[in-house]
Amino acid sequence: MFNLTIMMFVITMIAIFMMLIVTLISKKTWLDREKSSPFECGFDPVSTARLPFSLHFFLIAVIFLIFDVEITLLFPLIKSLSISNIFNHMIVTTSFIFILIVGLIHEWSQGALNWTN
């Protein structure tokens, strides 16, 4: 028990010493204009707050997030291929991809994917 306590103390001291050294030798600047501003997204915080935001860019970002989440939902289907019935697996996968394609065609026909407008 005493040996374990000494070992935990030594490990904690080594970790604190390493964090102290990294903090001292890091090249982080404290007076960086971009890091000290409240916005790190490219907007100039000195200008007016009522800048027009591109609604088209927002729609493209939302569509990307939706398709990104749906792609991550496809990964468990690949993993479950070995433990499920192949007919049921094919129906689920085909219907899922069909819904994705119908959504893509709908967005394309509505003009949400056109950058030239």
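The legends below describe views of a predicted model of one protein chain.

View 1. From the N terminus on, the order of elements is α-α-α-α. The chain has 117 residues, of which 9% count as buried. Its accessible surface comes to about 10800 Å², and carbon and sulfur atoms account for 75% of that surface. Of the contacts between residues at least 6 apart in sequence, 44% join residues at least 24 apart.

**View 2. Helix α4 covers residues 86–110.** The helix has 25 residues and spans 36 Å from its first C-alpha to its last, close to the 36 Å expected at 1.5 Å a residue. Just after α4, Gly111 takes a positive phi of about 85°.

**View 3. The buried residues of α4 are His89, Thr93 and Leu100.** The cover over these buried residues includes α3 (55–79).

**View 4. Helices α3 and α4 pack with their axes coming within 11 Å.** The axes cross at roughly 170°; angles over 145 degrees count as roughly antiparallel, and α3 and α4 are therefore roughly antiparallel to each other. On the α3 side, the contact is made by Ile63, Phe67, Glu70, Leu73, Leu74, Leu77 and Ile78. On the α4 side, the residues are His89, Val92, Thr93, Phe96, Leu100, Leu104 and Glu107. By class, this contact has 10 nonpolar, 2 polar and 2 charged residues. His89, Thr93 and Leu100 of α4 take part in the contact and are buried.

Technical notes
Residues numbered from 1 in each chain as written. Predicted model: local features only at pLDDT ≥ 70, side-chain atom pairs only at ≥ 80, totals over all residues. Heavy atoms only, no water. Helix = DSSP H or I, 4+ residues; strand = E, 2+ residues; numbered from the N terminus. Expected span 1.5 Å × (residues − 1). Buried < 20%, exposed > 50% of the residue type's maximum accessible area, 1.4 Å probe, protein only. Contact = heavy atoms within 4.5 Å. Axes fitted to C-alpha atoms, helices over the stretch in contact; angles between N-to-C directions. Parallel < 35°, antiparallel > 145°, perpendicular 65-115°, else oblique. Nonpolar A, V, L, I, M, F, W, Y, C, P; charged D, E, K, R; others polar. Areas by Shrake-Rupley, 256 points an atom, 1.4 Å probe, with all protein chains shown as cover.
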